[in-house]
Amino acid sequence: MHLSEIEIDKLCWLCYEANRAMCQFAGDKSNADWLRAPHGQRESLAKCVKAILKNPELTPSDNHKNWVLSKIEQDASWGPITDMVPYDELCDAHRLKHVVICAIVKAYVCSHGLWRTSVGD
């Protein structure tokens with residue numbers, strides 16, 4: 001399965017803006033749009049998206065674990081970290097973020113015929 005870097009960036013953009021919309025709905029208007037998002041946020045999301053592309057069986061919990069590892073690697077230097085806890089201890093809104101990111105990536109790939117069947121049902 002192969003997507004170009006441009007396609008991966010577009011997919012990250014979709015995931016980011018979906019998450020930003022959920023944050024805004026919940027009253028958090030602090031996230032800039034994708035084009036103005038800090039490099040660290042964009043890079044972190046790209047790692048998550050690429051991990052899902054590499055392993056279609058990746059769960060939202062796995063996605064969160066990867067995100068935490070990414071933050072540790074970055075030394076969390078771009079801002080405060082509020083959800084570096086096990087997935088099961090996250091609030092519903094933060095768990096939903098990982099569910100939505102996984103769903104968007106998997107739907108995108110399946111809709112483009114890049115995986116033979118839908119995964120994660």
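A: The expected span of a helix is 1.5 Å times one less than its number of residues. This is a predicted model, and in it helix H3 covers residues 60-74, 15 residues in total, so the helix should span 21 Å, which agrees with the 21 Å between its end C-alpha atoms.

Q: Which residues of H3 are buried?

A: The buried residues of H3 are Asn63, His64, Trp67, Val68, Ser70, Lys71 and Gln74. Viewed down the axis of H3, they fall within an arc of 160 degrees, so they line one face of the helix.

Q: Why would residues a few places apart point the same way?

A: An α-helix has 3.6 residues a turn, so residues three or four places apart point the same way.

Q: What covers the buried residues of H3, and which exposed residues sit on the face turned away?

A: The cover includes helix H2 (39-54) and helix H4 (92-111), while the face of H3 turned away from its buried side carries the exposed residues Ile72 and Glu73.

Q: Switching to the cysteines, how many disulfides does the structure hold?

A: The structure holds zero disulfides. Cysteine 48 is in none, and the nearest cysteine sulfur, that of cysteine 102, is 8.3 Å away, whereas a disulfide needs the two sulfur atoms within 2.5 Å.

Q: Are those two cysteines buried or exposed?

A: Cysteine 48 is buried, at a relative accessible area of 4%, and cysteine 102 is buried as well, at 3%.

Q: And where is threonine 59?

A: Threonine 59 lies in the loop between H2 and H3 and is partly exposed, with a relative accessible area of 33%. Threonine 59 and cysteine 102 are 43 residues apart in sequence, yet their C-alpha atoms are 7.2 Å apart in space.

Note on methods: Residues numbered from 1 in each chain as written. Predicted model: local features only at pLDDT ≥ 70, side-chain atom pairs only at ≥ 80, totals over all residues. Heavy atoms only, no water. Helix = DSSP H or I, 4+ residues; strand = E, 2+ residues; numbered from the N terminus. Buried < 20%, exposed > 50% of the residue type's maximum accessible area, 1.4 Å probe, protein only. Arc of directions from axis to C-beta. Contact = heavy atoms within 4.5 Å.
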